[in-house]
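The sequence and structure come next.

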Amino acid sequence: MISLDPVAAVLLVPLGAAALLAALPGYRWPSRLNVLACFISLLFALSLFWHRPVAGNYLMIDDLNVVFIVLNTFVGFTTAAFSASYIGHELHTGRLTLGLLRFYHSMYQVMMFGMNLALVANNIGLMWVAVELATLTTVVMVGIYRTPEAIEAAWKYFILGSVGIALALFGTILVYLAARPVVGESAGSMVWTVLITQASDFDPALLNVAFVFLLLGYGTKVGLAPLHAWLPDAHAEGPTPISAVLSGLLLNVALYALLRFKMLLAANPAALAPGPLMVALGLLSLIFAALMLYRRYDIKRLFAYSSIEHMGIIVFAFGMAGPLGNFAGLLQMTMHSLTKSAIFFTVGHITQAKGTQTMADMGGLTETHPVLGWTLVAGVAAIAGLPPFGVFMSEFLLITTTFDRQPVLAAAVVLGLLIAFAALLVLLTPVIFGPPRGRSMRVDASTLPIFAHLALVLLGGIFLPPPLVAWFQHVATLLG
Amino acid sequence: MMLHDFAFDIAHMLAGALVLLSLMMLYQDRLYALINVLALHALVLAMSVAWQAWVHDAPHLYITAGIALVFKAIVIPMALRRMVFRLRVHREIETVVGTGLTMLAAIALIALSLEVMLPVTAGVDPVSREDIALALSVVLIGLLMMVTRHNAVSQVAGFMSLENGIVLAATGAQGMPLVVEISVAFSVLIAFIIIGIFLFRIRERFDTVDVEALDAFRGERK
């Protein structure tokens, strides 16, 4: 049954769809095909829960990356559905042409391929190549409007992202050097499943230096604070479906790479503990982004900074580690992906309705566009961590477990969260309520993906299914 | 043993030459000259990789050396030169910090990378060890160059020298799998950057270079 190997399918379906979409003219059928391809990928990803192939030299599936792959393909699918309605409007207003759309759909699938490959890669070299591929495709997508701002944003993303992945590669080489005396010179010396079993014998000093490079390199792609400069521009200037995918997926993929290497370090008792480094960077990102939220005037930039803030929380949680810390990190990551992409879907339609991204030119959305206005209210409430939603659960868990161990750090996290909450409240109240401002057009909003995401986030806050809890607990112990 | 020492000396010399060329890039204040040094940088990298391939009897590394030679030492410098000519920015490079300070910073970075890498890699064989330490200095100087230059072409030059440093490290790490694939992936990345500049003509980056102001500045310095 080699033809139905789900791992290969998760990779081959996007690749095949990319080739097909590059050949198809028009936009209605390609956008549907895009959704269909993503849906098939999602089905294959789900089947990985039941049927798990043996890890090879290049690909593998374990309990950790199944979570990431399913999340990745799910948000990829809903974003494709959102994109289908978003793109039609962009075509009518003339911001995109049919030729660019064909390119856009094809690149969307190449990007899904790159991200899926990074997640299933068992080889740290292959993982690096896949992250690079995903970066390149998103760079092209960010610049697709070809306005000076979009090109500037794409260039900035390009240069910073390239430096990031270059540093990550240097770190990867150092990991190989640390492994070589133990594993030997063979094809297996970069295979993660081999490395993790023998990591305790690696040279700890070399591993430490390697981790610093990997943290800086993949950390750039995660959007951690001193290295985040590319992120707001890339989110604000590209098409909104890409903003949703960047925040909801690509940051997670880079985080996943970081977690893999963290596990490697944790398996070596003599190496430095990766936790404090991650805690420090995470906290810095959280506080920094929370403060920066106040000075935003562009609604997409606002939520881009909110993504930096949340990635800070997630990295902090994985840095705190322990079963509860990791559990909170995993839950926060899942909830953030779902919530933030739902917010970007809503914001995408809002900017189309208002014809601008500037918050000063928007107002009274609940009056002019009740559905979009109220879904934005729900999304912002969820992302700010208000009670009935899933983000509240994970942040509450994180703060309680941190308070048990490091009360001062818990206080700092709470402070950051409150600053961010107040910023969202101050900036978005006039946009959502207030008197109607600016022009307003009718949009055919596809609300289904938004509602699906928000419903899942709500479900995560009210009732987490026991099998999911058990699964996350199991993964949390794997992460150490 | 004699031959091994000789092989080590050559590898060491080539890696050292790369660091030297990286330093040379820092003080080039004309784009054409910078591109020439960049081509030389890639040439030395190709020689270094080919030497590793011969010494360690690893024929697949010849592919990496070939890519460095054809693509990075010939094709890309030609494309960059054409671009500089077409965009009419061949006069001067904008520098943020003075050359003297940049050079001092670069020397500090070299010292730092030797200080960090040599003790850490004590268990690794000497060739890899020296290569990794020198490669890290090339990487850091490349980063320094990208930070201090604001012009797209010199940022690309900085990135390419950084990337050469990484290829040096990857080939120095004896027996590393996927080296060829990674160097191909890197070349694709660079090709993308170059095509990006060509297609989109990142003009606003060049508009800030006010030629007359620079001329006045140079007159003052002489």
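A:Asn72 sits in helix H3 (residues 63–92) of chain A. Helices here are DSSP runs (H or I, at least four residues), numbered from the N terminus. This is a predicted model: local features need pLDDT of at least 70, side-chain atom pairs count only at pLDDT 80 or more, and totals for chains, interfaces and linings use all residues. Residues are numbered from 1 along each chain as its sequence is written, chains are lettered from A and ligands numbered from 1 in the order in which they are written, and side-chain values use heavy atoms, with hydrogens and water left out.

**A buried asparagine**

A:Asn72 counts as buried because its relative accessibility is 2%. Buried means under 20% relative accessible area, exposed over 50%, and partly exposed in between (1.4 Å probe, protein chains only). Which residues does A:Asn72 contact, leaving aside its neighbours within four places in sequence? They are A:Met112, A:Met115, A:Asn116, A:Leu119, A:Leu249 and A:Val253. Contact means heavy atoms within 4.5 Å.

**Salt bridges**

A salt bridge is a side-chain nitrogen of Lys or Arg within 4 Å of a carboxyl oxygen of Asp or Glu. Three of them are tabulated.

| Pair | Closest N and O atoms |
|---|---|
| A:Asp63 and A:Arg52 | 2.6 Å |
| A:Glu237 and A:Arg301 | 3.0 Å |
| A:Arg301 and A:Asp233 | 3.1 Å |

A:Arg301 lies in helix H12 (residues 299–320) of chain A and A:Asp233 in helix H9 (residues 230–237) of chain A, so their pair ties together parts 68 residues apart in sequence. A:Glu237 is also in helix H9 of chain A, 64 residues from A:Arg301. Salt bridges that share partners join A:Lys156, A:Asp233, A:Glu237 and A:Arg301 into one network.

A:Arg301 is buried, at 14% relative accessible area. A:Asp233 is buried at 13% relative accessibility, and A:Glu237 is buried at 17%.

A:Asp63 is buried at 16% relative accessibility. A:Arg52 is partly exposed at 32%.

**Helix H3 of chain B**

Helix H3 (residues 61–86) of chain B has 26 residues and should span 38 Å at 1.5 Å a residue; its end C-alpha atoms are 36 Å apart, which agrees. The expected span is 1.5 Å times one less than the number of residues. H3(B) bends by about 30° at B:Ile76, and B:Pro77, a proline, follows within four residues. The bend is the angle between axes fitted to the seven residues ending there and the seven starting there. Just after H3(B), B:Arg88 takes a positive phi of about 55°.

Definitions and conventions. Helices (H or I, at least four residues) and strands (E, at least two) are DSSP runs, numbered from the N terminus.
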